[in-house]
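Here is my note on this structure, point by point. Please keep the 3D view open as you read.

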Amino acid sequence: MTVTSGGVGDAGWFLFEPAAPTVAPAPLAIVTHGYFEFSGYEVNRALIEHTVAQGNIVIYPRYQTSAVTACPGPFYIEPCVASAAAGITGALTYLADNPDHVQPDIDRTSYFGHSFGGIITTNIANRYLQLGLPRPRALFLDDPHDGGYAGPGEPALDDVLSGIPADTVVQCYVGESGVIGESGKENSSCNAVFPRLGHIPDAQKDLILSYDDDHGSPALSSKHGVSTGGGTGDGGMIPVSNPIDAYDYKMWQLWDAARNYAYTGTDAEYAIGNTPQRRNNGVWSDGVPVRELKIQKTAPIAP
């Protein structure tokens, strides 16, 4: 892939394009990082590289330059939403001004957000029209969370999410050792998002839960941030050093399938619903199955 960066301060962005072979035009994936990850893109490098390898352009908005800028977390999220939107717009403008680069197929745009970036991503998908951003065809959230400092239930999330198109494929992923496993946060993360998606048919959305599994070594963890597998830390306040494992590959499969299903209607058995293909996490080296995913249509989801 080729990597370009641009923008100033909180409106900065990274742009990743498939280099060999190139695709013209290419589907667009917008990936938004969690809080405190304000230097580089190492935390999400593996996810980005995988997504680009599937033939997508990836835009990675740099909505944060320090622990308190552009916004003070859940207490006032609006500057971070504005910064992320500015980063996305800036990268799209750069592509439009440079036709020698791989050009995006705006009609095939999907959004991925982790943690605080999942809250920002949800709000952006909800407000895409007023922000002038591409329509979300698929929305994948990895344990969306505003930190809980302003109270439980994700108060930084938009109160009403009816702006997300009803035909968007929405997948929300949590782990038993993630946010909902923390005391007092049972109704946070995806359990706060899903009750606000009543306008989206069940055929277009799922809640997904992974379990810890220590049958083998190294153990598989469902802790907060499965999508950061392969991250090596990027200078932020939260160091990251966790290897890519089977749960990363499974999340990538679900993310790929959601986009394929949203764009072409293919891979339905991997993209939507409580199917064996989606629940299956493979087997340990002795043949014992890894604990399956739990998938349901309504909140709350719990181990």
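How many salt bridges does a search of the whole structure find? The search finds 12. A salt bridge here is a side-chain nitrogen of Lys or Arg within 4 Å of a carboxyl oxygen of Asp or Glu. Some of them return below.

1. **What kind of model this is.** This is a predicted model, where local features need pLDDT of at least 70 and side-chain atom pairs count only at pLDDT 80 or more, while totals for chains, interfaces and linings use all residues. Residues are numbered from 1 along each chain as its sequence is written, and side-chain values use heavy atoms, with hydrogens and water left out.

2. **Confidence.** pLDDT is the predictor's confidence in each residue, from 0 to 100. The protein averages 94, and 97% of the residues score at least 70. Where pLDDT is low, the predicted coordinates should not be read in detail.

3. **Overall build.** The protein has eight helices and nine strands. These are DSSP runs, numbered from the N terminus: helices are H or I with at least four residues, strands are E with at least two. The radius of gyration is 18 Å, close to the 19 Å that the globule rule gives for 303 residues, so the protein is as compact as a globular protein of that length. That radius is taken over C-alpha atoms, and the rule is 2.2 Å times the number of residues to the power 0.38. Among contacts with a separation of 6 or more, 75% join residues 24 or more positions apart.

4. **Burial and cores.** Buried means under 20% relative accessible area, exposed over 50%, and partly exposed in between (1.4 Å probe, protein chains only). Of the 303 residues, 54% are buried. A nonpolar core is a set of buried Ala, Val, Leu, Ile, Met, Phe, Trp, Tyr and Cys residues joined through side-chain atoms within 4.5 Å. The largest core has 48 residues; I59, I77, C80, F116, I120, I124 and L197 touch the most other members. Helix α2 (residues 78–97) gives the largest share of this core, eight residues. Apart from it lies another core of 26 residues, including L47, Y60, M251 and L293.

5. **Helix α3.** Is α3 mostly covered or mostly open? It is mostly covered: 11 of its 11 residues are buried. Among them are F116, I120 and I124. The buried residues of α3 pack against β3 (26–32), α2, β5 (104–114), α4 and β6.

6. **Bridges across the sequence.** D206 and R278 meet in a salt bridge (2.8 Å, N to O). D206 lies in strand β8 (residues 205–210) and R278 in helix α8 (residues 276–279), so the pair ties together parts 72 residues apart in sequence. D206 is buried at 0% relative accessible area, and R278 is buried at 0% too. D158 and R127 also form a salt bridge (2.8 Å, N to O). Here the linked parts are two loops, 31 residues apart in sequence. D158 is buried at 12%, as is R127 at 12%.

7. **Other bridges.** R108 pairs with D105, the closest N and O atoms being 2.7 Å apart. R108 is partly exposed at 27%, whereas D105 is buried at 19%. E42, R45 and E49 are linked in a network of salt bridges.

Conventions:
Contact = heavy atoms within 4.5 Å.
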